[in-house]
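Dear colleague,

Please find below the structure that I am passing on to you.

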Amino acid sequence: MLKNDEWIKEKASQGMISPFESQQIRRLENDLPVISYGLSSFGYDIRLSPNEFRIFRHIPGTIVDPKNFNPANLEPTELCTDETGSYFILPAHSYGLGVALEKLDIPDNVTVICIGKSTYARCGLIANITPAEAGWRGYLTLEISNSSSADCKIYANEGIVQLVFLEGDPCSVSYEKRKGKYQEQPDRVTLARI
Ligand SMILES: Nc1ccn([C@H]2C[C@H](O)[C@@H](COP(=O)(O)OP(=O)(O)OP(=O)(O)O)O2)c(=O)n1
């Protein structure tokens with residue numbers, strides 16, 4: 001079943017989402033507006049970490065191979081950000097990888113689905129829809145494409161994707177039990193592994 005705000009709050013107090021905001025934040029203390037983050041009715045909007053954002057680049061003669069990922073196909077973070085680290089620029093028709101600011105610890109009977117936020121969707125950004133599995137822990141790597149013909153700003157420390165939580169019967173083999181390869185992801189972009 002899809003879980004509500006009360007359930008999310010309760011699980012967050014047990015460590016499911018950290019740091020956690022128990023309400024939707026739309027403005028900072030200085031009254032500046034932000035792309036919203038925090039608890040919503042049936043989900044939780046996580047923030048984009050300022051730590052790292054990597055953008056794919058085409059190098060003639062190379063191919064991105066999920067079984068043998070070559071980091072040379074990514075621009076260094078410095079080329080994607082401003083000097084204050086408060087935002088990243090995702091150029092038109094390009095694809096980038098960021099990392100979540102919050103650490104997650106998913107219960108063994110829950111699957112999480114990451115979906116895009118409407119404000120960014122209206123600017124041409126598509127968040128790749130991906131699951132975070134039962135028993136997984138770490139910082140999500142976030143996969144964003146800019147499908148528009150204009151470059152787009154993506155704000156660090158502000159909302160980036162919404163998580164929805166689906167609870168089921170307990171599974172017999174969790175991500176932890178099967179020793180999944182992306183367990184305990186650090187707060188940096190984690191590239192495709194085999
Ligand atoms: N936006 C997302 C979504 C999920 N994850 C993490 C949490 C998931 O539980 C885990 C998924 O890992 P898998 O090992 O299941 O990934 P694949 O199914 O793609 O693995 P494989 O290449 O073995 O098919 O990645 C992430 O970092 N960022």
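An N or O atom in the side chain of Glu133 is 2.6 Å from an oxygen atom of the ligand; a polar contact here is a pair of N or O atoms within 3.5 Å, and within protein one must be able to donate a hydrogen and the other to accept it, with residues adjacent in sequence counting only if both atoms are side-chain atoms. Gln185 places a polar side-chain atom 2.9 Å from an oxygen atom of the ligand, and a polar side-chain atom of Thr130 lies 2.8 Å from a ligand nitrogen atom. The ligand exposes 610 Å² when taken alone, and the protein buries 66% of that (accessible areas by the Shrake-Rupley method with a 1.4 Å probe).

Please note that this is a predicted model, in which local features need pLDDT of at least 70 and side-chain atom pairs count only at pLDDT 80 or more, while totals for chains, interfaces and linings use all residues. Residues are numbered from 1 along each chain as its sequence is written, and side-chain values use heavy atoms, with hydrogens and water left out.

The residues around the ligand (a heavy atom within 4 Å) include Trp136, Leu140, Tyr175 and Lys181. This shell divides into six nonpolar, three polar and three charged residues, where Ala, Val, Leu, Ile, Met, Phe, Trp, Tyr, Cys and Pro count as nonpolar, Asp, Glu, Lys and Arg as charged, and the others, Gly among them, as polar. Strand 10 supplies the largest share of the shell, three residues (strands are DSSP runs of E, at least two residues, numbered from the N terminus).

The ligand sits in the largest pocket, meaning that more than half of its atoms lie within 2 Å of the grid points. A pocket is an open set of points on a 1 Å grid over the protein atoms alone, where a 1.4 Å probe fits, with protein on both sides within 12 Å along at least five of seven lines; lining residues have an atom within 4 Å of a point. About 450 Å³ of space lies in this pocket, a volume being the space filled by probe spheres set on the points, which are joined across faces, edges and corners. Of its 21 lining residues, the closest to the centre are Thr130, Thr141, Glu143, Tyr182 and Gln185. The lining comprises 14 nonpolar, five polar and two charged residues.

Finally, the peptide bond from Ser18 to Pro19 is cis, with omega near 0°.

Yours sincerely

Note on methods:
Helices (H or I, at least four residues) and strands (E, at least two) are DSSP runs, numbered from the N terminus.
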